[in-house]
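Here is a short report on one protein model. Look at the sequence and the structure before reading on.

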Amino acid sequence: MDWKEKLKELLEPYGEVFEESGGLVFEFGDDEGEFTDRLAFVVENPGEWPLVEVSVKAIADLTDHDVPGRNIFAFGVVPEFNGEIIELRILNGEPGKGPVVGKTPERVVEIAERNGINYQRSEEKGLGLPKGFKGIDSEALIKLIEAVAFEW
């Protein structure tokens, strides 16, 4: 089974998954009122499966709540999107010290600090897990993705 089929199965309980330009897109948000592009979390390389697993766990929690605007998770594709795009990656960092916040909008750091989420910085592009990550890093990244989605 290829990554697309496996991911479709994992996301099926939470909503519809769309194929786009060789990748998959999952859309969520509160469609009441103004439904404008807000946030896109992008896993360009779904071969980095731990990022896919983190995304699925965040989606499971986020779809239980009303999150304003149009938000997406994209896998294997950078979608046409007018909101903020945050790339999820495996980055250089120290395992066990929390997710790595690289070159992303500073608002991600503010949200992490406001929510007491330990993180580490990097000069690389994106947000993600440190190489050789531990379970504590994954859990903190899930919390950070959820916090960003709620507070953006």
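## A charged residue inside

Which side chain of opposite charge is nearest to Arg38, and how far away is it? The answer is Glu151, at 8.9 Å. Arg38 is buried but has no salt bridge. A salt bridge needs the nitrogen and the oxygen within 4 Å. Note that this is a predicted model.

Arg38 belongs to strand β3, which covers residues 37–43. Its side chain does reach a backbone atom: the oxygen of Trp152, at 3.3 Å.

## The nonpolar core

The largest nonpolar core has 40 residues. Three of them touch the most other members: Phe41, Phe73 and Val148. Take Phe41. Leaving aside neighbours within four places in sequence, Phe41 is in contact with Ile72, Phe73, Ala74, Ile86, Leu88, Ile145, Val148 and Ala149.

## Aromatic rings

How many aromatic pairs does a search of the whole structure find? It finds two. In one of them, the ring centres of Phe41 and Phe73 are 5.0 Å apart and the planes meet at 25°, so the pair is stacked. Stacking requires planes under 30 degrees apart.

Phe41 sits in strand β3 and Phe73 in strand β4 (residues 70–75), so the pair ties together parts 32 residues apart in sequence. Both Phe41 and Phe73 are buried. Ring pairs also bring in Phe28, making a cluster of Phe28, Phe41 and Phe73.

## Salt bridges

The whole structure holds 10 salt bridges. Arg70 takes part in a bridge with Glu27, where the closest N and O atoms are 3.1 Å apart. This pair links distant parts of the chain: Glu27 is in strand β2 (residues 23–28) and Arg70 in strand β4, 43 residues apart. Glu27 is partly exposed, with a relative accessible area of 30%.

Arg70 also meets Asp37, at 2.6 Å from N to O. Asp37 lies in strand β3 and Arg70 in strand β4, so this pair ties together parts 33 residues apart in sequence. Asp37 counts as partly exposed, at 24% relative accessibility.

## A helix, a strand and a network

Arg121 and Glu106 form a salt bridge, with their closest N and O atoms 3.8 Å apart. Arg121 is in strand β7 (residues 120–125) and Glu106 in helix α3 (residues 106–114), so the pair ties together parts 15 residues apart in sequence. Arg121 is partly exposed, at 47% relative accessibility. Glu106 is partly exposed too, at 44%.

Salt bridges also build a network. It links Glu44, Glu87, Arg89 and Lys125.

How values were computed
Residues numbered from 1 in each chain as written. Predicted model: local features only at pLDDT ≥ 70, side-chain atom pairs only at ≥ 80, totals over all residues. Heavy atoms only, no water. Core = buried A, V, L, I, M, F, W, Y, C linked by side-chain atoms within 4.5 Å. Buried < 20%, exposed > 50% of the residue type's maximum accessible area, 1.4 Å probe, protein only. Contact = heavy atoms within 4.5 Å. Helix = DSSP H or I, 4+ residues; strand = E, 2+ residues; numbered from the N terminus. Lys, Arg positive; Asp, Glu negative; His and termini not counted. Polar contact = N/O pair within 3.5 Å; in protein donor to acceptor, adjacent residues only side chain to side chain. Phe/Tyr/Trp six-rings, centres within 6.5 Å; stacked < 30°, edge-to-face > 60°.
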